[in-house]
Amino acid sequence: MTTPTPYPPADRYKHTSTPSLLTAAQTAQSPIAWLKADHDRLFHLMDTFFILPATSHAHREALVDELVRSTSKHASAEERVIYPLIRDRLPNGGIVYERNVSDDQINKEYLSLLHKMRSERDGDLFDRSVDKFRMIEREHLSIEEEFLDQLDALLSAEERPSVYKALIAAWENAPVYPHPDTGPSRAPFANVVHPVAGLVDKAYDYVRGGRPAEKLED
Ligand SMILES: [Fe+2]
Ligand SMILES: [Fe+2]
């Protein structure tokens, strides 16, 4: 007889385009609310990692794999839809855009590292690396949300549904791995390259049966 785990199964963390905190109708009115709900979800993944027993290696790796996927998709959708709007609408949007793109490049390097790690093999280094990513992501998102609020105030009621639609479409076809060396974070190149990278990532997943493509072998 197997002992039931007090923690949710790993596939509990996989999500659809509608985070459970919001209804589809609510998000259609506010693409920014959708992004913020997704931020909460990313932190939930990271916080959950630290309440799992250190020996639950498969569960911890599944959580980090989902964190890599979720953050990669989130960043790609923002880079193609939201960051350009910030750049074009906010008074100092140009420099905010540059800052966001730079943050994303750092995040992708770090996600790429996390993706290669193994819970049992890397032990405490795994924990400390997830904690470091949580720290840099928290800093990125706290500043990002200030500018998202400014953008939110500038979006008209008429354009909100189309921004939401573009955001979800980008999220759906986004890469699921970080690609720090080959995936440009800047529009307009990102608009061309990201959907192709998304297809390549899905092919890797299919061939490898969902096993992360970039993990080091034992
Ligand atoms: Fe974000
Ligand atoms: Fe971001």
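Visitor: How much of the protein is buried?

Guide: In this predicted model, buried residues account for 32% of the 218 residues in the protein.

Visitor: What elements is the protein made of?

Guide: The protein has 8 helices and 0 strands. Read from the N terminus, the order is α-α-α-α-α-α-α-α.

Visitor: What makes H179 count as buried?

Guide: A residue is buried if 20 or more other C-beta atoms lie within 10 Å of its own. H179 has 21 C-beta neighbours inside 10 Å, so H179 counts as buried. You will find H179 in the loop between α7 (160-172) and α8 (189-207).

Visitor: What is the phi of H179?

Guide: The phi of H179 is near 50°, a positive value in a residue other than glycine. Most residues other than glycine have a negative phi.

Visitor: Why are α3 and α4 called roughly antiparallel?

Guide: Angles over 145 degrees count as roughly antiparallel. The axes of α3 and helix α4 (residues 93-116) cross at roughly 170°, and the two helices are therefore roughly antiparallel to each other. Their axes come within 10 Å.

Visitor: Which residues meet where α3 contacts α4?

Guide: On the α3 side they include V64, V68, A75 and I86, and on the α4 side V96, Y97, V101 and L111 are among them. By class, the residues of this contact divide into 10 nonpolar, 7 polar and 5 charged.

Visitor: How do α3 and α6 pack?

Guide: Helix α3 (residues 57-89) and helix α6 (residues 124-154) pack at an angle of about 30°, and their axes are 11 Å apart. Angles under 35 degrees count as roughly parallel, so this pair falls in that class. The crossing of α3 and α6 is left-handed.

Visitor: What residues make up that contact?

Guide: V64, L85, I86 and R89 in α3 meet V130, F147, L151 and L154 in α6. The contact of α3 with α6 has 7 nonpolar, no polar and 1 charged residues.

Visitor: How confident is the predictor?

Guide: The average pLDDT of the protein is 83, and 79% of the residues score at least 70. Over residues 1-12, pLDDT stays under 50. For that stretch the model has 5 contacts beyond four places in sequence.

Key. Residues numbered from 1 in each chain as written. Chains lettered and ligands numbered in written order. Predicted model: local features only at pLDDT ≥ 70, side-chain atom pairs only at ≥ 80, totals over all residues. Axes fitted to C-alpha atoms, helices over the stretch in contact; angles between N-to-C directions. Helix = DSSP H or I, 4+ residues; strand = E, 2+ residues; numbered from the N terminus. Left-handed = near helix turned anticlockwise from the far one by under 90°. Contact = placed C-beta atoms within 7 Å. Nonpolar A, V, L, I, M, F, W, Y, C, P; charged D, E, K, R; others polar. Buried ≥ 20, exposed ≤ 12 C-beta atoms within 10 Å, placed from the backbone. Parallel < 35°, antiparallel > 145°, perpendicular 65-115°, else oblique. pLDDT = per-residue confidence, 0-100.
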